[in-house]
Amino acid sequence: MSKQILIVDDDVMLCRLSSIYLERRGHTTILAYDGPGGISHYQASQPDLVVLDVAMPGMSGFDVARRIRNIEHEQGWKRAPIILLTAYARSFFMAAGSEAGIDSYLTKPITPDQLLKHLERFLEDKPED
């Protein structure tokens, strides 16, 4: 089933390539190139999944994730999985990511196939509790 995926990354080319690949697989994507844009798009569209770069100027992926979790709590919205993209060792970010509400990590560079395979477990339809 088609899902709506928000991709937030200051690397415009990576955003666009990820979008093309995911849309070819039947998903809808929303692109933001900075943290405030990502938060704005999240509030406007309530996507099914969020992919965030950790290192963006001005507002890190952790800051964006915290704000998204606050919005979900304030609005009573369903929790969207958040995947963090990082070029650094994942273990370095585990504590901060847990506190920010990150569900999973991917280490760059990443191929489109690796991205889709990783996201599939979060995109599967699951029965409501």
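**Exercise 1. Identify the residues that make the nonpolar surface patch, and classify the exposure of Ile 20.**

Solution. Met 13, Leu 17 and Ile 20 make a nonpolar surface patch of about 300 Å². Patches are made of residues with over 30% relative accessible area and no salt bridge, with nonpolar side chains (Val, Leu, Ile, Met, Phe, Trp, Tyr) joined within 5 Å and like charges within 9 Å. Accessible areas come from the Shrake-Rupley method with a 1.4 Å probe, and for residues only the protein chains shown count as cover.

Helices (H or I, at least four residues) and strands (E, at least two) are DSSP runs numbered from the N terminus. Buried means under 20% relative accessible area, exposed over 50%, and partly exposed in between. Ile 20 is partly exposed because its relative accessibility is 42%.

The model is predicted: local features need pLDDT of at least 70, side-chain atom pairs count only at pLDDT 80 or more, and totals for chains, interfaces and linings use all residues. Residues are numbered from 1 along each chain as its sequence is written, and side-chain values use heavy atoms, leaving out hydrogens and water.

**Exercise 2. Describe the cover and the strand partners of β4.**

Solution. Begin with cover: 5 of the 5 residues of strand β4 (residues 82-86) are buried. In a regular strand the side chains alternate between the two faces of the sheet. On one side of β4 lie Ile 82, Leu 84 and Thr 86, and on the other Ile 83 and Leu 85.

Then take the partners; two strands pair if DSSP finds at least two bridges between them. Strand β3 (residues 49-53) runs parallel to β4 and is joined to it by 4 bridges, and Leu 52 has Leu 84 as its bridge partner. From β3 the chain crosses through helix α3 (residues 61-75) to β4 in a right-handed β-α-β crossover, meaning that, with the strands pointing away from the viewer, the path from the first strand over the helix to the second runs clockwise. Strand β5 (residues 104-107) is also parallel to β4, with 4 bridges; here Ile 83 is partnered by Ser 104.

**Exercise 3. Trace the salt-bridge network that includes Arg 69.**

Solution. A salt bridge is a side-chain nitrogen of Lys or Arg within 4 Å of a carboxyl oxygen of Asp or Glu. The network links Arg 69, Glu 72, Arg 79 and Asp 103. In helix α3, Arg 69 and Glu 72 are 3 residues apart; their closest N and O atoms are 2.9 Å apart, and both residues are buried. Arg 79 and Asp 103 approach to 2.6 Å.

Methods. Buried means under 20% relative accessible area, exposed over 50%, partly exposed in between (1.4 Å probe, protein chains only).
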